[in-house]
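Subject: Structure handover

Hello,

Please find the structure below. My notes on what was found in it follow.

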Amino acid sequence: MSESDSNEAVTAAYDEYLMPIWKELDVPIERADGCTLVDFEGNEYLDAFAGIAVTNVGHRNKAVVDAAKAQLDEFVHGCSYVHPNKPAADLAERIAEITPGDLQKTFFCNSGTEAVEGAIKLARKYTGSKEVVALEMGFHGRTLGSLSLTGNKSYKKEMGPTLNDVSHAAPPYGYRCSMCEGTECDSSCAADIERVINSHTSGDIAAVVVEPVMGEAGIVVPPNEWLAHVQEIAHDHGALLVADEVQAGYGRTGEMFASEHYDVVPDIIPQAKGIANGLPLGAFTASAEVADAFEAGDHLSTFGGNPVACAAALAAIDQLEDGIIENARTEGAWLRSEFDSIEEEYDPIGEIRGRGLMWGVEFVDQSETGPQNVAPAPDTALATAVSDHLREESGVIAGVGGFHKNVLRIQPPLTIERDQLRRVLSGLRDALDAVA
């Protein structure tokens with residue numbers, strides 16, 4: 001290993017040459033395989049974060065790598081909106097098959113934030129309306145359009161003004177909701193969308209944008225009837241339901257798309273993250289009727305639908321359907337029972353929430369009352385300390401997020417095995433015993 005190929009050299013180069021926005025987990029990566037990351041010093045880590053819920057079929061999945069390599073030998077780029085190509089055409093057809101209901105036509109881009117931006121443009125074009133309703137605590141991206149939908153001041157600081165004509169309603173976050181008084185969410189917050197439309201908008205609503213499971217908010221899982229109620233309100237106002245599946249899609253929750261848990265067919269589904277297992281690709285999909293509102297020149301992407309990324313995505317979907325989604329469903333159910341025991345055992349855990357292999361452990365200070373006086377105060381320092389202990393003492397990588405930055409995010413590759421999950425839980429217990 002040369003002097004430049006070291007943990008210290010890589011992080012020093014980041015400090016010197018990359019803009020200072022990178023988030024440090026203290027684990028530079030030299031290589032990865034399955035659920036394992038290896039740094040430049042040969043240290044191995046169990047990855048329970050998957051690059052923010054991206055490598056759903058495992059790091060360096062052979063089928064995905066082989067598909068990408070095969071396409072590299074053919075051609076890399078021709079702009080898929082200038083030169084029709086088979087990988088993009090085949091992937092669009094495949095997405096029409098795996099998305100709910102009659103969603104049929106897809107636009108390819110490069111990221112989740114672009115997918116959300118494009119979905120809003122399409123909703124405006126189709127409806128002829130301009131205003132959008134999103135959720136407090138929601139996250140939809142960091143470009144100025146998607147940032148306007150994101151309901152979190154910490155992402156918007158010194159970045160305003162964003163788009164006009166965006167309003168925010170209460171999220172289905174029962175643990176910290178004054179309407180539910182800290183009990184399980186009963187969907188009352190869906191009615192808050194109606195209140196916001198009537199009191200904060202002109203009624204010219206193009207879209208209601210929500211996450212079927214709220215990732216950055218702290219893995220907030222709505223009750224079963226919530227999404228249908230939201231769609232009903234949107235349609236009553238002539239608006240479309242945009243279900244942002246960027247983080248929750250592609251098997252993450254134990255179904256191909258999280259919307260399927262609620263028996264709801266959204267009008268538009270933005271996608272990214274797990275779609276190509278780490279290659280940069282985003283998409284949004286709509287019915288033919290909605291999609292055909294776009295005309296030539298209304299939208300474009302130079303790199304969107306890159307044939308290498310599309311080939312990888314086709315292989316990733318095959319892998320997901322060949323038992324990996326089922327593994328997420330099975331192991332998620334097992335985790336639920338294990339987490340119930342941990343939640344009962346440790347007072348600093350306020351709530352553990354999740355579906356499939358998308359889980360959030362919320363840490364609280366029981367001695368203080370939190371916002372809206374419905375739950376104990378968020379304990380941001382404890383969440384960070386637990387994550388640090390997991391990494392440094394147990395060799396397990398997990399993220400920290402949530403609106404109050406007090407939620408440990410456990411979102412491993414969906415290929416993770418039971419023994420590996422036991423290691424995550426053992427490390428969590430050790431960390432709580434040591435730092436709580």
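Glu-345 is partly exposed because its relative accessibility is 47%, where partly exposed means between the two limits of buried (under 20% relative accessible area) and exposed (over 50%), computed with a 1.4 Å probe and protein chains only. This is a predicted model, in which local features need pLDDT of at least 70 and side-chain atom pairs count only at pLDDT 80 or more, while totals for chains, interfaces and linings use all residues. Residues are numbered from 1 along each chain as its sequence is written, and side-chain values use heavy atoms, with hydrogens and water left out.

Salt bridges

The side chain of Glu-345 meets that of Arg-429 in a salt bridge, at 2.4 Å from N to O. Glu-345 belongs to helix α11 (residues 307–345) and Arg-429 to helix α13 (residues 418–435), so the pair ties together parts that are 84 residues apart in sequence. Arg-429 is also partly exposed, with a relative accessible area of 24%. A salt bridge here is a side-chain nitrogen of Lys or Arg within 4 Å of a carboxyl oxygen of Asp or Glu. Helices (H or I, at least four residues) and strands (E, at least two) are DSSP runs, numbered from the N terminus.

How many salt bridges does this rule give? The count comes to 24. Salt bridges that share partners join Arg-94, Glu-97, Asp-318 and Glu-321 into one network.

Another salt bridge links Arg-60 and Asp-33, whose closest N and O atoms are 3.1 Å apart. This pair links distant parts of the chain: Arg-60 sits in the loop between α2 (50–53) and α3 (62–72), Asp-33 sits in strand β1 (residues 31–33), and the two are 27 residues apart. Arg-60 counts as exposed, at 55% relative accessibility, whereas Asp-33 is partly exposed at 42%.

Arg-31 forms a salt bridge with Glu-30, and there the closest N and O atoms are 3.3 Å apart. Arg-31 counts as partly exposed at 48% relative accessibility, and Glu-30 counts as partly exposed at 41%.

Strands and sheets

Strand β1 is also part of an open sheet of four strands, in the order β1-β2-β3-β14, with mixed pairing. Its edge strands are β1 and β14 (396–397), each of which pairs on one side only. Two strands pair if DSSP finds at least two bridges between them. Within this sheet, strand β2 (residues 36–38) and strand β3 (residues 44–47) run antiparallel and are joined by three bridges. Leu-37 stands opposite Tyr-45 in β3.

Is strand β10 (residues 282–287) mostly covered or mostly uncovered? Strand β10 is mostly covered, with six of its six residues buried. Strand β4 (residues 103–109) runs antiparallel to β10 and is joined to it by six bridges; Lys-105 has Ala-286 in β10 as its bridge partner. Strand β9 (residues 268–271) also runs antiparallel to β10, with four bridges between them. Here the bridge partner of Gln-271 is Ala-283 in β10.

Cysteines

A disulfide is a pair of cysteine sulfur atoms within 2.5 Å, and by this rule the count is zero. For Cys-79, the closest cysteine sulfur is in Cys-310, 12 Å away, which is too far for a bond. Cys-79 is buried, with a relative accessible area of 11%. Cys-177 is buried as well, at 8%.

Glu-393

Glu-393 has its place in helix α12 (residues 380–394) and counts as exposed at 57% relative accessibility. Phe-403 is ten residues along the chain from Glu-393, and their C-alpha atoms are separated by 27 Å.

The chain as a whole

The protein chain has 13 helices and 16 strands. Of its 436 residues, 56% count as buried. A compact globule with 436 residues would have a radius of gyration near 22 Å, and the 21 Å of this chain agrees; the radius is taken over C-alpha atoms, and the globule rule is 2.2 Å times the number of residues to the power 0.38. Along the principal axes, the C-alpha atoms fill a box of roughly 60 × 55 × 45 Å.

Among contacts (heavy atoms within 4.5 Å) between residues at least 6 apart in sequence, 72% join residues at least 24 apart. The chain exposes about 18400 Å², of which carbon and sulfur atoms supply 48%; accessible areas come from the Shrake-Rupley method with a 1.4 Å probe, and for residues only the protein chains shown count as cover.

Regards
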